[in-house]
Each structure stands twice: as C-alpha cells, then as structure tokens.
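This briefing is intended for a reader who has the sequence and the coordinates at hand. Please consult the display below alongside the text.

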Amino acid sequence: MAEYTDREHYIPLRKNDLGELLVKDKQVRFEEREPLRQFFRLVSSVFHFEYLQQLEDLKNAYAPFDPDSETLVLKPLAPEDRQVRMGEVFDKFVGLMERANFKRLTRQEIEKFLEEVPTDWGLDTWVDLNSFERLEVFARGDVMGVRTRRVWWKFWRKETIKLPVFSRLVMLLKIKKGYLKDPDVNTDSVFLKVFKDVPKADLDMLLPGARVRLSKMDRGMIVYPLLTGLGLMGYSIVQSIRHVDTVLTDVMGAAGAVMTWSAAGAVGGYGYKSYHSWQTKKQSYNFRLTRSLYYQTLDSNTGVLVRILDEAEEQECREVFLAYFCLWKFAPEQGWTQEMLDDYVENYLEGAVVVKGKPLKVDFEIGDALEKLERLNIVKKSGDRYRAVSLDKALEMLDYRWDNYFKYNNPEYEAPPVA
C-alpha cells in the first residue's frame with residue numbers, strides 16, 4: 001500500500017457521475033448494469049438517512065450559538081450548560097470535517113500563514129489569536145491558483161502569476177468577551193464560514209478583528225517627509241528670531257524664511273500626499289477584500305453544517321462505490337488484502353479518470369472504506385483478505401437495513417445471513 005504526501009483523500013467526483021462511470025465499465029455486463037445502479041441508489045439512501053440524523057444532532061447542538069437564528073428560545077441555557085454545549089459543537093464539527101476529508105490546521109500552521117508576506121491583493125494585516133476563545137481552521141485542496149494583476153513598472157500591462165491557495169477553507173470560531181473594542185462584535189455566538197480559492201498568505205484577512213498595518217516603506221513615505229518639514233519649519237523660526245536686529249539681516253532673514261517655509265511646506269505636502277495615498281490604498285484594499293469575500297464566501301453558520309454534511313455523505317458513498325465495485329468485479333476468488341485493494345482503487349481511478357489532460361490521483365482512504373463495507377455486511381473477511389458478496393446478496397442486505405430503520409412491522413423478521 002503506497003503512502004503519498006502529495007495526494008489528498010478527497011475524491012473530486014460527483015457521486016452520480018462516479019456511479020455512472022462504474023456502471024459503464026467494460027467489465028460490467030449489460031444485465032448487471034441496472035442492479036448495480038440499484039446498489040448505488042440503496043447505498044446513497046442508507047447514508048442519506050444516517051446523515052439526516054447527524055444533521056439534526058448538529059443543528060440542535062449549534063442552535064444556542066447561531067447568530068442568524070430567528071426562532072424563539074423557550075428555555076435559555078445556563079452559563080455552565082452553554083460551555084458544555086459549545087464543546088459538543090466543536091467536537092462534533094471536528095469529526096465531521098475529518099469525514100469530509102478536510103485537513104485540520106494546527107496552531108503553528110495558522111501562525112505561519114498569518115506571518116507570511118501578503119499577496120498583491122491585500123495590505124499587511126495583523127490578527128491577535130488570543131482574541132478567540134476557540135478557533136478551528138480546516139483546509140482542502142492545496143493547489144496552485146492563478147491570478148492576474150497590473151503593476152506600474154510594467155506599464156500597467158496585465159500579467160498572470162501563480163500562488164498557493166486552498167480550494168476550500170472552513171473556519172469555526174468563538175470570540176472572547178471584551179477582547180475586541182468594537183461594540184458591534186457578537187461574542188455570544190459561534191461563527192461558521194466556508195470560503196473557496198483562498199491564497200494562503202491572505203488567511204488573516206478572513207479573520208474577525210484583523211487590523212491593517214503600514215509597511216516599512218509606507219511608514220517611511222509618511223513619517224520622514226513630515227519630520228523633515230517640521231525640522232525645516234523649526235529652523236526657519238529660529239533663524240527669524242536671531243536676525244531681527246538689522247534691516248539687512250531682516251531682509252535676508254525674511255528671504256531665507258520664505259525659502260525655508262516653502263521647502264517645509266513642500267516636504268510636508270509630500271508627507272501628506274504620501275499619507276493620503278496610503279489611505280486611498282487602504283480603501284482600495286477594503287474594496288477588493290469586500291469584492292473577494294462576496295465571490296469567495298460559499299456559506300455561513302447553519303448553511304455550513306448542511307454543506308459540509310452533504311460533502312461528507314457524498315464522500316462516504318464514493319468510497320463504498322469504489323471499494324465494493326473493485327472487490328466485486330476485479331478481485332480473485334480468494335479476495336484481496338487491504339493493501340491490494342487500496343492500490344487497485346488508486347490505479348483504477350488514474351486509468352479511468354482524466355481531468356484537464358492529467359490522470360486523477362487520490363490517496364484512497366482504504367481503512368474507512370472497508371469499515372463501511374463491513375458495517376453494511378456486503379463483504380466477507382477471511383484472515384487478512386476481503387471478498388465482496390454477490391451483487392444480489394448486497395442488494396438484499398441493503399434492502400434489509402433500509403426496511404429495519406423503523407421496526408413497526410414484522411418484529412419477528414430476522415436479518416438474512418451473509419453467505
């Protein structure tokens with residue numbers, strides 16, 4: 001079983017598209033195609049029902065912290081109960097993100113991205129991580145993105161550059177009470193956000209409480225001219241006081257004062273111009289940030305729960321589709337070990353799916369896939385080898401599972417044996 005550091009577990013195919021790809025494999029006989037489609041539908045129905053309950057559990061846990069809620073609260077939680085419930089929200093969400101194949105960023109990784117030089121689409125910003133009572137950041141799709149820009153030293157010609165981005169970035173956070181000075185900041189709620197195509201160096205721009213910082217060049221362009229102007233004005237005042245005794249001196253002093261004051265005004269004006277330019281740059285940055293967030297924000301709060309649960313459900317289905325199909329159609333009679341199945345699925349995807357001229361390469365999560373196959377009773381294990389049950393038996397087992405989620409009828413009905 002190969003280990004990869006440059007691949008992700010996420011399978012970037014729609015569940016239905018993957019199902020049709022497998023159904024139309026040349027090894028699948030015509031009379032097997034419709035039963036195989038039924039198998040995929042039953043697997044999807046089983047996971048959809050199970051994830052529906054998880055959605056209800058997550059929504060119930062998150063309800064006291066949802067900033068967008070418009071429903072009435074019949075019984076407010078006590079402060080100590082709120083802390084316990086908030087812990088449940090974070091724990092449940094972390095587990096959900098793992099099933100959706102997101103990578104959980106450590107505190108050190110977050111700090112590293114916050115310290116990186118900002119891209120050409122933002123100013124240098126600063127975020128105090130101590131302002132968060134809890135902060136979790138998850139990423140998926142570590143790829144190179146493409147952006148266009150215009151720079152003055154190339155006569156404002158448009159150029160294309162590449163930079164590292166996260167295809168998906170999800171944040172779960174709670175702000176500490178009294179830490180941020182903005183009275184409009186909500187410190188009672190837990191915020192959920194999901195973004196797309198986020199440059200790594202711009203992670204700080206997405207966090208609440210981020211403050212814009214002047215670069216060293218910006219500070220120099222503002223401070224040095226202003227200090228020079230003040231120095232020249234001070235010098236002019238001193239010279240005027242020293243040369244008030246004679247008419248000639250007064251005339252020379254007046255001329256010198258005019259020149260000095262003019263120089264001071266020119267330098268001071270340049271300092272003000274630099275400050276005004278920076279303010280304009282800051283406003284332009286805020287505009288670009290607003291525009292970027294408008295197009296890059298995919299969902300917020302409860303909507304994030306629904307979206308991520310749907311992605312996790314689809315990913316679970318894809319893993320079952322691939323693992324069962326490869327065992328059923330390609331494994332020898334004695335079956336495959338976990339390592340053999342893992343390698344075969346990865347090679348199968350590389351050969352069957354080509355995206356933009358490149359084969360699809362994933363790090364198949366074989367452990368999770370086999371655990372689900374065993375739970376659904378559609379594989380048999382002998383020693384360290386796995387064999388898929390027949391397609392008819394798999395349909396029978398899935399149908400039994402579906403029929404017995406609610407046991408109001410046929411209480412004596414027993415599960416069919418796995419043969």
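The model is predicted. The protein contains 10 helices and 12 strands, and 39% of its 419 residues count as buried.

**Overall architecture**

- Among contacts in the protein with a separation of 6 or more, 76% are between residues 24 or more positions apart.

**Aromatic pairs and cluster**

- The protein has 16 aromatic pairs.
- Tyr 348 counts as buried because its relative accessibility is 12%, and the cut-off for burial is under 20%.
- The rings of Trp 336 and Tyr 344 also form a tilted pair, with centres 4.8 Å apart and planes at 35°.
- Within that pair, Trp 336 is buried, having a relative accessible area of 10%, whereas Tyr 344 is partly exposed at 28% relative accessibility.
- Phe 330, Tyr 348, Trp 336 and Tyr 344 are among the members of one aromatic cluster, which also includes Phe 39, Phe 40, Phe 321, Tyr 324, Phe 325 and Trp 328.

**Charges over rings**

- Trp 328, a member of the aromatic cluster, has the charged end of Lys 329 over its ring, at 4.4 Å from the centre.
- Arg 134 is placed over the face of Phe 90, with a distance of 4.1 Å from the ring centre.

**Cysteines**

- How many disulfides does a search of the whole structure find? The search finds zero.
- Cys 317 counts as buried, with a relative accessibility of 0%.
- Cys 326 likewise counts as buried, at 0% relative accessibility.

**Strand S8 and Thr 337**

- Thr 337 is located in strand S8, which spans residues 336–337.
- Is Thr 337 buried or exposed? At 10% relative accessibility, Thr 337 counts as buried.
- Apart from neighbours within four places in sequence, Thr 337 makes contact with Asp 384 and Arg 385.

Definitions and conventions:
Residues are numbered from 1 along each chain as its sequence is written. This is a predicted model: local features need pLDDT of at least 70, side-chain atom pairs count only at pLDDT 80 or more; totals for chains, interfaces and linings use all residues. Side-chain values use heavy atoms; hydrogens and water are left out. Helices (H or I, at least four residues) and strands (E, at least two) are DSSP runs, numbered from the N terminus. Buried means under 20% relative accessible area, exposed over 50%, partly exposed in between (1.4 Å probe, protein chains only). Contact means heavy atoms within 4.5 Å. A disulfide is a pair of cysteine sulfur atoms within 2.5 Å. Rings of Phe, Tyr and Trp (its six-membered ring) pair if their centres lie within 6.5 Å; planes under 30 degrees apart count as stacked, over 60 as edge-to-face and the rest as tilted. A charge sits over a ring if NZ of Lys or CZ of Arg is within 6 Å of the ring centre and within 35 degrees of the ring normal.
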